[in-house]
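Please read it alongside the sequence and the model.

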Amino acid sequence: MATTLKPVNAVVVGFGWAGAILAKELTEAGLQVVALERGPYQDTYPDGAYPNTLDELTYNSRGKLFQDLSKSTVTIRHGIDDTALPYRQLSAFLPGNGVGGAGLHWSGVHFRIMPEELRLRSHYEERYGKGFIPEGMTIQDYGVSYEELEPHFDFAEKVFGTSGTAYKVKGQVVGDGNPFAPDRSDGFPLPALKDVHSAHLFRKAAEEVGMHPYAMPAANASGPWTNPYGVQMGPCNFCGFCSGYACYMYSKASPNLNILPALKQSELFELRVNSNVLRVNLDSDGKRATGVTYVDAQGREIVQPADLVIVSAFQFHNVHLMLLSGIGKPYDPRTGEGVVGKNFAYQNMATIKAFFDRDVHTNPFIGTGGGGVAVDDFNADNFDHGPLGFVGGSPFWVNQAGSKPIRGLSLPPGSPTWGSGWKQAARDAYTHTLSMDAHGSNMSYRDNYLDLDPTYKDAYGQPLLRMTFDWKENEYKMTRYVTEQMRKIAGAMNPKAIAVHVKNFGDRFDTRAYQTTHLLGGAIMGSDPKTSAVNRYLQSWDVHNVFVIGASAFPQGTGYNPTGLVAALAYWSAKAIREQYLKNPGPLVQA
């Protein structure tokens with residue numbers, strides 16, 4: 001029998017970036033907040049302490065900071081008539097586990113979003129006509145504008161201690177940042193990180209072929225920084241252990257470093273770890289949440305009553321919890337009806353490796369998670385899609401994050417695959433290799449979606465989430481076109497060999513190869529309850545005291561990493577809760 005605890009004002013499910021932001025904002029509003037994290041407590045110290053954290057085998061290979069798939073995972077299939085099987089070995093994507101979630105092991109790439117991508121369907125229909133969007137593509141507008149989100153992008157960058165170079169502030173050109181970037185209300189908190197040599201070569205070559213390189217915005221501090229919460233950061237030392245690791249230099253932004261120390265000072269905040277939420281509890285008519293039920297570290301079932309429920313876990317955990325709780329109508333791809341699980345999307349990557357003679361030293365073991373040089377000439381709608389026949393685009397970049405001993409070896413085409421020849425090729429290539437990526441967008445489609453698996457269950461006896469996903473014709477066209485443009489940059493460097501890794505038409509989604517951990521959609525935001533699960537403030541259309549925060553709200557993918565937009569939307573939602581909802585609880589947008 002479940003134990004029922006004393007009610008609180010708000011319960012936050014999941015303590016990554018979104019959960020930490022909402023917990024801080026709500027305690028500042030005077031609410032008593034309990035945060036429930038399914039994994040263990042972890043922090044920069046001792047979990048990120050030097051030298052133990054510099055251990056590729058423990059962290060990236062064995063996934064110390066990643067989700068434990070033996071307790072809960074997803075099942076995956078390509079099409080709606082296929083049988084899904086459980087994702088049993090981490091590879092294609094790496095959800096976080098424990099305090100900080102994926103925000104502890106992320107790299108630090110910290111973009112905003114292009115304004116037209118917030119109204120993607122409207123923008124494409126206005127510029128290219130309604131017939132340009134392929135049949136079955138279900139992209140839609142977010143229901144919020146860049147101008148509304150801009151103050152929250154700005155504040156998040158100050159919380160994160162983001163390094164970068166602005167192009168335009170308050171309508172005035174102020175620096176050599178990204179000329180395609182939208183206007184800003186302020187510059188970056190810190191100057192851009194220094195270019196590693198690979199980024200220098202990429203910058204020079206991109207300029208030679210007529211593109212517009214700029215320093216990537218990085219939540220890796222280029223110098224000392226004290227954020228608005230009074231938390232201090234130290235400068236990055238380019239150790240190369242960012243993605244998959246806690247930062248021992250206190251340089252990479254994380255919920256653990258940048259928000260949790262301030263939250264700990266509040267008597268209104270409590271963090272409970274090893275607390276796996278099973279469902280959001282609803283009242284008898286299903287219109288109001290009464291709290292959550294979770295299983296604690298001792299295996300006891302606990303009911304935590306609350307006036308407000310914030311669902312802020314990893315993207316697919318948000319969707320899973322909504323489906324398990326009966327919040328919103330589940331999506332049916334055959335009829336196109338329903339909203340929860342709709343518009344699941346991902347990221348569409350391509351990579352070029354350039355190999356140089358021994359007189360060019362790229363030293364790939366040096367690196368920082370978010371640092372590098374990028375171009376946006378073929379991102380978003382910065383180029384004419386009309387004659388090309390596809391939606392979406394990609395930034396290109398050299399984001400040298402540090403090649404590790406186990407997985408950090410790339411060899412030129414035609415190299416031996418074993419023996420003394422392989423060893424010689426490895427010696428010749430390792431410190432003379434440059435890698436660049438086309439970090440492509442992925443649109444949403446009628447038959448790429450999430451639902452509950454009818455066969456497999458998790459350790460708590462609940463149905464696993466089922467992921468139905470595959471690449472589409474639009475994505476093949478886009479990635480092959482943009483990769484050819486990126487190849488011009490590689491050619492301008494005059495390497496001795498180039499290896500291009502790009503999807504061919506007909507390639508299937510392969511869970512064995514890492515892409516990114518940028519999973520999106522399933523609880524999407526919008527202006528119409530018939531086509532979205534949450535409104536423009538990320539409030540459930542169906543249960544007004546439930547807010548669902550995270551990349552689950554994105555109606556489709558972008559070329560940029562999602563964390564910057566996740567943070568801005570979290571602050572946007574928190575502002576609406578504080579200034580509107582708490583004064584008059586109920587729907588913030590009328591259906």
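## Helix 6 against helix 13

Helix 6 and helix 13 cross in a right-handed sense (right-handed if the near helix is turned clockwise from the far one by less than a right angle, left-handed if anticlockwise). Their axes come within 8 Å and cross at roughly 115°, with helix 6 spanning residues 146–160; axes are lines fitted to C-alpha atoms, for helices over the stretch in contact, and angles run from 0 to 180 degrees between N-to-C directions. Helix 6 is therefore roughly perpendicular to helix 13 (65 to 115 degrees, with under 35 as roughly parallel, over 145 as roughly antiparallel and the rest as oblique). Helices are DSSP runs of H or I with at least four residues, numbered from the N terminus.

On the side of helix 6, the contact (heavy atoms within 4.5 Å) includes F153, F155, A156 and F160, and among its partners on helix 13 are L565, A568, L569 and W572. The residues of this contact divide into twelve nonpolar, three polar and two charged, where Ala, Val, Leu, Ile, Met, Phe, Trp, Tyr, Cys and Pro count as nonpolar, Asp, Glu, Lys and Arg as charged, and the others, Gly among them, as polar.

## Basis of the model

The model is predicted, with local features needing pLDDT of at least 70 and side-chain atom pairs counting only at pLDDT 80 or more, while totals for chains, interfaces and linings use all residues. Residues are numbered from 1 along each chain as its sequence is written, and side-chain values use heavy atoms, leaving out hydrogens and water.

## Helix 1 against helix 13

Helix 1 (residues 17–28) also meets helix 13 (residues 563–581), the axes coming within 9 Å and crossing at roughly 25°, which means that helix 1 is roughly parallel to helix 13. This crossing is right-handed. Its contact includes W17, I21, L22 and E25 of helix 1 together with V566, A570, A574 and R578 of helix 13, and by class it has eleven nonpolar, one polar and three charged residues.

A search of the whole structure finds six cavities of 30 Å³ or more; on a 1 Å grid over the protein atoms alone, a cavity is a set of points where a 1.4 Å probe fits but cannot get out, and lining residues have an atom within 4 Å of a point. The largest cavity holds about 220 Å³, a volume being the space filled by probe spheres set on the points, which are joined across faces, edges and corners. Of the 20 residues that line the largest cavity, N178, A181, R184, F188 and P217 are the closest to its centre. The lining comprises twelve nonpolar, four polar and four charged residues.

Technical notes
Helices (H or I, at least four residues) and strands (E, at least two) are DSSP runs, numbered from the N terminus. On a 1 Å grid over the protein atoms alone, a cavity is a set of points where a 1.4 Å probe fits but cannot get out, and a pocket is an open set with protein on both sides within 12 Å along at least five of seven lines; lining residues have an atom within 4 Å of a point.
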